[in-house]
Amino acid sequence: MKPYHLITPLLYAALALNIFPAQAAQVLEDRWYVVFNGEDRIGYMHTTVNQEGDAGPITTTQDVKFVMSRGGTVIELAVGSLFVETPEGRPVRASSTLNMGGLPIETEVAFLDQGVRVSSGQAGRMTTQMQPPIAGDWLPPQALSRYVEAQLAAGAEVIEASTVDVSAGLKPITTRMVRVGPQAIEVYGKTVPATAWDVTASNLPSVTLRDYLDDEGTSIKSTIPLLPGLELTVLEADKALALSKLTPAEMMAQTFVTPSRKIDRPRELKRAVYRLRTRDGRAMPELPTSSVQRLVGEQLIVDLSGEPLGEAAGEAHLAASAVLNHEDPAVQRWLEEFRFLSFDGPADSADWLRRKVHQDIEAKDLSVGFATASDVARTKQGDCTEHAVLLAALLRGAGIPSRCVSGLIYADQFAGHEGIFGYHMWTQAWIDDDGDGPSPGRWIDFDATLPDGVRFDATHIALLVSDMSDGAVTNDMAALLPVLGNLEIEVVETGYHVPVGAE
């Protein structure tokens with residue numbers, strides 16, 4: 001049970017709303033920012049701009065680091081990005097490094113005349129593919145800065161433009177700035193005149209960042225209401241302050257959901273009916289439909305005897321990605337025993353792999369933020385996210401389409417709390433029907449964190465499904481921001497029996 005697979009990319013994406021503040025073009029730009037959660041200094045950002053000579057390419061780099069605590073276990077998370085463009089604003093190449101507690105995930109992008117070459121992987125084990133040119137009008141970082149600077153100088157009240165952040169994929173992100181007005185703010189004990197702007201981005205529509213710009217259009221302070229109990233403040237600072245000791249933020253307990261009543265024998269639950277709503281009245285995100293989960297009116301029904309529903313598997317559910325690289329030799333070694341065994345159909349194969357992941361991940365601890373399947377295959381360490389991604393990669397390596405599910409699971413006791421739903425991740429496998437019926441198959445849920453005899457139970461509430469393709473994690477998780485720390489669950493009905501032959 002681990003909310004970091006949601007919070008980590010969302011936290012970085014929220015900070016990235018301020019990734020390229022408006023600034024005067026110059027040969028060298030070097031700015032440091034400190035990130036606070038309340039009084040706790042939890043991270044920093046460092047942005048530099050360099051140009052080769054007077055007319056050479058311009059390189060923008062940014063490094064973001066923050067620390068989090070989960071039950072006393074401290075995890076460091078870091079993101080590095082680089083973007084090279086011509087002085088005229090033509091993209092040349094870009095890269096990102098994402099470290100969420102395991103081996104860093106590296107992405108390298110080259111913008112070519114015939115398309116975009118994308119390489120991604122870990123520790124030098126990269127996969128490369130060509131993609132079409134990025135559609136739409138968008139600007140590289142320094143071209144974007146110059147555009148925003150010109151709009152500010154012209155007295156614009158609303159500024160809208162698009163850019164590309166390769167750590168979040170190749171889909172342009174549209175940022176919209178709306179002028180609020182002059183406002184004096186306090187920065188390190190001094191009152192500073194500034195202009196306030198509300199900033200939103202298309203990949204995080206539920207987050208509105210309040211950005212305070214000085215007379216030159218440089219961001220000196222930002223506030224980011226990421227989720228209830230977690231409002232970040234980003235302040236311009238010097239290097240010494242930015243690199244001073246950080247205080248980890250405890251982010252787990254505030255995402256727990258205490259339901260309307262306790263659930264007895266949760267691992268035996270076969271059917272449940274829930275009502276979900278947000279505390280602040282915001283609209284719920286659209287919940288996924290599958291063989292076991294469907295929304296009927298305001299009631300969410302989780303029924304292990306349900307009929308096939310939901311979108312069928314596609315090519316993306318068999319493909320290798322940086323997170324689910326089933327072609328990695330370490331992942332392939334996990335499949336060696338599997339290839340010598342006989343199974344009674346793909347569902348039996350999938351459950352054998354589920355049990356193997358459960359048994360062979362030896363260190364079931366909280367020290368990893370989000371590791372890839374390649375990493376877990378080597379370390380045999382981690383929590384729900386590591387179990388889920390390794391199982392998904394093994395399924396693909398065995399020729400069974402797979403995807404990962406982010407949602408909630410009920411626990412009698414966890415981290416000093418009783419009777420709560422906590423954020424969780426598990427795996428779905430696409431299993432073809434053996435019969436001649438009209439349905440080609442169904443998504444079946446497999447939770448590798450559960451004991452050997454328990455594949456799944458009806459306390460699992462799916463909020464999001466993801467094929468874990470490159471760049472998809474941040475964008476997929478962004479849809480869940482309205483419910484993180486903002487969810488109420490009413491337990492309407494529970495049942496412990498499945499009709500004979502239904503499973």
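Here are a few questions and answers about this predicted model.

User: Which residue in β18 stands opposite V296?
Analyst: Let's start from the strand pair. β17 and β18 (residues 299-303) pair in the antiparallel sense, over four bridges. In β18, the residue opposite V296 is Q299.

User: Is S349 buried or exposed?
Analyst: S349 is part of helix α5, which covers residues 346-360. Leaving aside residues up to four places away in sequence, S349 touches F338, F343 and I400. Its relative accessibility is 8%, and the cut-off for burial is under 20%, so S349 counts as buried.

User: How many residues apart in sequence are the parts that K65 and E76 tie together?
Analyst: This pair is a salt bridge, with the closest N and O atoms 3.5 Å apart. K65 is partly exposed at 25% relative accessibility, and E76 is partly exposed too, at 47%. Because K65 lies in strand β3 (residues 58-70) and E76 in strand β4 (residues 73-85), the parts they tie together are separated in sequence by 11 residues.

User: What is the relative accessible area of D457, the salt-bridge partner of R267?
Analyst: The side chains of R267 and D457 meet at 2.6 Å, N to O. The pair links distant parts of the chain, 190 residues apart: R267 sits in the loop between β15 (249-250) and β16 (271-278), and D457 in the loop between β21 (441-446) and β22 (461-466). R267 counts as partly exposed at 26% relative accessibility. D457, however, is buried, with a relative accessible area of 0%.

User: Which strands hold E490 and R275?
Analyst: The side chains of these two residues form a salt bridge, at 3.2 Å from N to O. E490 is partly exposed, with a relative accessible area of 24%, and R275 is partly exposed at 23%. Their pairing ties together parts 215 residues apart in sequence, because E490 lies in β23 and R275 in β16.

Conventions:
Residues are numbered from 1 along each chain as its sequence is written. This is a predicted model: local features need pLDDT of at least 70, side-chain atom pairs count only at pLDDT 80 or more; totals for chains, interfaces and linings use all residues. Side-chain values use heavy atoms; hydrogens and water are left out. Two strands pair if DSSP finds at least two bridges between them. Helices (H or I, at least four residues) and strands (E, at least two) are DSSP runs, numbered from the N terminus. Buried means under 20% relative accessible area, exposed over 50%, partly exposed in between (1.4 Å probe, protein chains only). Contact means heavy atoms within 4.5 Å. A salt bridge is a side-chain nitrogen of Lys or Arg within 4 Å of a carboxyl oxygen of Asp or Glu.
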